[in-house]
Amino acid sequence: MSEVPGESRPMSPRTAPRPVALVTGAPRRIGRAIVLELAAHGFDLAVHCRHWGDDAEETAADARALGAAAQVFQADLADEAECRALLPAVLAHFGRADAVVNNASLFEYDNAETAAPDAMQRHWQANTAAPVLLAQALAAHLAGRDGRGCVVNLLDQKLDHPNPDYFSYTLSKAALASAGRMLALALAPHVRVVGVSPGLTLGSELIDDHRLQRLQAQAPLGYGIGAEDVAAAVRFALQSRAMTGCTLLVDAGQHLLPRARDFAFDTPPLTGPARTP
């Protein structure tokens, strides 16, 4: 695990008036949106990436343009040693940490018929164990300075109505949801723990922009969500001092309509009207 050279310089707690948030999986997509949302609303940012790349530094540079101090940190969160070294590196640079947003996630396909222990272990290590380790590290730091902070775990709206696609991924997110409730109790009063469950937000190799729009339109509200909606919910959770041990669903109501298959397979909801644009 190492820090990427950047434009910002280490700051002591005395000279860093803004709270510091570590966002994992930050260079692209929802992670990038979270970084920029927080940068625009008073946070300094530790921008985590799994591999070196210009996109991480570009995200950090855009955060700096919004007035934040931002630095890139690289770590493979599936590697326990690198995961455990991540928050200490953030503390060495910024002098403090006030929040962790566990956005990084492994998302590989399997189903109830093909799921095997190696796939379950890979998903559990990246999607469940790593967020728990980072929450533990934040709690120890905050207790040491009698501070208060927050962990936000990115979950998935499909946990309300699971389907058998992406079986190992779903199991790991269900475990993270349960871990969040336990940690909220165990780490209080220094750390709050909140889940944010997005619905279908962005396209992929399996879902092009046209399909994305059509699938999002099937939600009860008749429209989809964007990465900025998820980022706004994360900021709300971080700034809501009375909120812990709960989950915010950000999906335009998709969780109200169970599906037999994942969105990638384009099957209609099992209940409710199927809207089209």
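**Close-up views of a predicted model**

**View 1. Helices α1 and α2.** The axes of helix α1 (residues 29–39) and helix α2 (residues 54–65) come within 9 Å and cross at roughly 20 degrees. Axes are lines fitted to C-alpha atoms, for helices over the stretch in contact, with angles from 0 to 180 degrees between N-to-C directions. Helices (H or I, at least four residues) and strands (E, at least two) are DSSP runs numbered from the N terminus. The two helices, α1 and α2, are therefore roughly parallel to each other (an angle under 35 degrees). This is a predicted model, in which local features need pLDDT of at least 70, side-chain atom pairs count only at pLDDT 80 or more, and totals for chains, interfaces and linings use all residues. Residues are numbered from 1 along each chain as its sequence is written, and side-chain values use heavy atoms, without hydrogens and water.

**View 2. The contact of α1 with α2.** The crossing of α1 past α2 is right-handed (the near helix is turned clockwise from the far one by less than a right angle). On α1 the contact is made by Arg32, Val35, Leu36 and Ala39, and on α2 by Glu58, Thr59, Asp62 and Ala63; contact means heavy atoms within 4.5 Å.

View 3. Asparagine 163 is in the loop between β6 (149–154) and α5 (167–186). With a relative accessible area of 9%, asparagine 163 is buried (under 20%, 1.4 Å probe, protein chains only). Not counting residues up to four places away in sequence, asparagine 163 touches Lys158, Arg259, Ala260, Arg261 and Asp262.

Key
Parallel < 35°, antiparallel > 145°, perpendicular 65-115°, else oblique. Buried < 20%, exposed > 50% of the residue type's maximum accessible area, 1.4 Å probe, protein only.
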